[in-house]
Amino acid sequence: MSEPTDPILEFQAVNTYYGDLHVLKNVCYTIGRGEIVSLLGGNASGKSTTMKTIMGVVRPASGRVLFDGAEIQDMPTSERVRRGIAPVLEARRLFPRMTVYENLEMGAYTRPKGAGFAQDLERVYTLFPRVQERRGQIAGTLSGGEQQMVAIGRALMARPRLICMDEPSMGLSPLYVEQVFDIIRHINAQGTTIFMVEQNASMALSIAHRAYVLQTGQVVLSGTAKDLRENPAIREAYLGELQVPGAA
Amino acid sequence: MTTFDLFLQQAINGLSLGAMYALLALGFTLVYGILELINFSHFNVFMVGSFIALWTLQQFGLFGQETILVGLPLAGVLLVTFTVTMLATGVIGVGIERFLLRPLRDVKGPAAMITTIGVSYILFNIILLTVGADSKNFPNPLPPLQIAIGGAVLRLREVLIWIIATLLMLALTFFVQRTKLGRAMRATAQDPEAARMMGVEVDRVIMTAFFLGSALAGASGLIFGLYYNFTSFLIGFNAGLRGFTAAVLGGIGNVPGAMLGGLIIGLVEAFGGQLIGSAWADVIIFAILVLVLVFRPAGLLGRLAPNRS
């Protein structure tokens, strides 16, 4: 496959354990600057662990994680955020008893206020007029779709160069799924690299440039999204809905 | 005294006790909110605080009740004593967290809680062995000003206790609601992992919770001394248990809840003592606690389950 020449994030032979459980087995990823890369895989394949390893919530037992060429596998999470990695967490994980605005402030936590805060807020509000309308509301009372917008907005407030998204479409109505994927594409077009775990493989492959397929902790397949869409194994395992007679 | 006068008098007493318990309850609630740890060392950080306050006042040449200060000297002495006491107990709290509790942070089960009980006894015995078992007369430099409201008496010391406790609680509320570190503290209480992934240094947040809670316990210990005119190595248990009960009553982990709970416990103690004797006040306090927990397990202002996934 075509490996990106200008990587922003790399996993080099990463092994991660939970106790005795070997979750990531010698995993290698290369995420190029400006790409959207999808990570596909079934339950317990190691997708969320990948995200946690990037954010430093889980430390790998061996291997290297490089961000912008620097080894980050031993850095505290706060330092990774400061360097430009922001998460959109599985199930949104907003701070439920804080207002929408305070959640956005938390997104900018590692940046001194004033350093473009108002400008970033404006950008989020432009992207999500709904978030602006709801800025005074307690986050836990928003609908799932609205929460996802705040979660993405919160990540943008960190002014990240890489956003790691864990299941951005989970639990959303089809209308919101469309919208969220449009937004992801838009954010990417403005220059932010996206590494995305997603159950909804057809959606994920429709906007991604490349993808990796993870199976019980091992990368079993990788390639351009186009190649993967046409791969019979992928079509059967992840794109079941395309197996309609006549669909090509 | 008429019944109304008695009522008024007990309301005055109850508010003062309530201020003391509320400040204590806040320490339990701040730490519990973030670590889900019941910090029993808090009982005796409060007690040590009242001794630090005693020693600080003695540095000003104040012993017993013979020296009265007014105006600026009084304000200055109180300001310095509160500051020194709160800083000292705050540092003690941070030390307990840093050296005794942090190593146990990821140990499952009751290890950390048992450790806090152990620390509580260590503080208790240090004071017993160094200061002795006798009650110590607590300096009271306040002029004996008082006004009569009907048959009830409102003394300067009560007004002062209310003002100081209110200012401290307003300051804490401002910190938690309006500052960046306070916001990080709330975020950590609501979802520690998500807060961490926003770049919050959780160790720093935990340290802050211990510092603030312990500093407020120190202030509470000083207020105890001013209110009762004595202190002793024994005061931690009763006051601490009331402070803890206040935190649970209000909804542990909830800051306004701790304040409300403290006030309620203080008023119940005062009125209960008046109506059916002080020996029964404890029975009433804990009966109320049990009833609230049966019918509202999360406490008056609390939520049953933290919103976590």
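The model is predicted, so local features are given only at pLDDT of at least 70 and side-chain atom pairs count only at pLDDT 80 or more, whereas totals for chains, interfaces and linings use all residues. Residues are numbered from 1 along each chain as its sequence is written, chains are lettered from A and ligands numbered from 1 in the order in which they are written, and side-chain values use heavy atoms, with hydrogens and water left out.

**The six-stranded sheet of chain A**

- In chain A, 6 strands form an open sheet with mixed pairing, in the order β6-β7-β8-β3-β9-β10; helices (H or I, at least four residues) and strands (E, at least two) are DSSP runs numbered from the N terminus, and two strands pair if DSSP finds at least two bridges between them.
- Its edge strands, each of which pairs on one side only, are β6 (85-88) and β10 (218-224) of chain A.
- On average, neighbouring strands of this sheet are turned by 15° against each other, direction ignored, where axes are lines fitted to C-alpha atoms (for helices over the stretch in contact) and angles run from 0 to 180 degrees between N-to-C directions.
- Strand β9 (residues 210-215) of chain A runs antiparallel to β10(A) and is joined to it by 6 bridges, with Gln215(A) standing opposite Gln218(A) in β10(A).
- Helix α1 (residues 47-55) of chain A lies across β3 (36-41), β6, β7 (162-166), β8 (193-197) and β9 of chain A, and runs at about 140° to β8(A).
- Helix α7 (residues 174-189) of chain A also packs on this sheet, where it touches β3, β7 and β8 of chain A (contact means heavy atoms within 4.5 Å), and the direction of α7 makes about 150° with that of β8(A).

**The four-stranded sheet of chain A**

- Another open sheet of chain A has 4 strands with antiparallel pairing, in the order β2-β1-β4-β5, and its edge strands, each pairing on one side only, are β2 (21-32) and β5 (70-71) of chain A.
- The antiparallel strands β1 (residues 7-18) and β4 (residues 62-67) of chain A are joined by 5 bridges; in β4(A), Ser62(A) is the bridge partner of Asn15(A), and Arg64(A) is that of Gln12(A).
- Helix α1(A) packs on this sheet, touching β1, β2 and β4 of chain A, with its direction at about 115° to that of β1(A).
- Strands β4(A) and β5(A) pair in the antiparallel sense over 2 bridges, and the bridge partner of Leu66(A) in β5(A) is Glu71(A).
- These two strands, β4(A) and β5(A), form a hairpin with 2 residues between them, and Asp68(A) in the turn has a positive phi of about 55°.

**Individual residues of chain A**

- Ala13(A), which lies in strand β1 of chain A, has a positive phi of about 50° although it is not a glycine, and with a relative accessible area of 31% it is partly exposed (buried means under 20% relative accessible area, exposed over 50%, and partly exposed in between, with a 1.4 Å probe and protein chains only).
- Glu167(A), found in the loop between β7 and α7 of chain A, likewise is not a glycine and has a positive phi, here of about 55°; Glu167(A) is buried, with a relative accessible area of 5%.
- Val219(A), in strand β10 of chain A, counts as partly exposed at 30% relative accessibility.
- Not counting residues up to four places away in sequence, Val219(A) touches Val27(A), Cys28(A), Tyr29(A), Tyr212(A), Val213(A) and Leu214(A).

**Chain B as a whole**

- Chain B has 11 helices and 4 strands, and its C-alpha atoms fill a box of roughly 55 × 45 × 35 Å, taken along the principal axes.
- The radius of gyration of chain B is 19 Å, which agrees with the value near 19 Å for a compact globule with 309 residues; this radius is taken over C-alpha atoms, and the globule rule is 2.2 Å times the number of residues to the power 0.38.
- Of the 309 residues in chain B, 54% are buried.

**The interface between chains A and B**

- In this interface, 23 residues of chain A are in contact with 22 residues of chain B.
- The area buried between chain A and chain B is about 2400 Å², of which carbon and sulfur atoms give 56%; buried area is the accessible area (1.4 Å probe) that two parts lose on being put together, summed over both.
- Arg93(A), Arg97(A) and Tyr109(A) supply 34% of the area that chain A buries against chain B, more than any other three residues.
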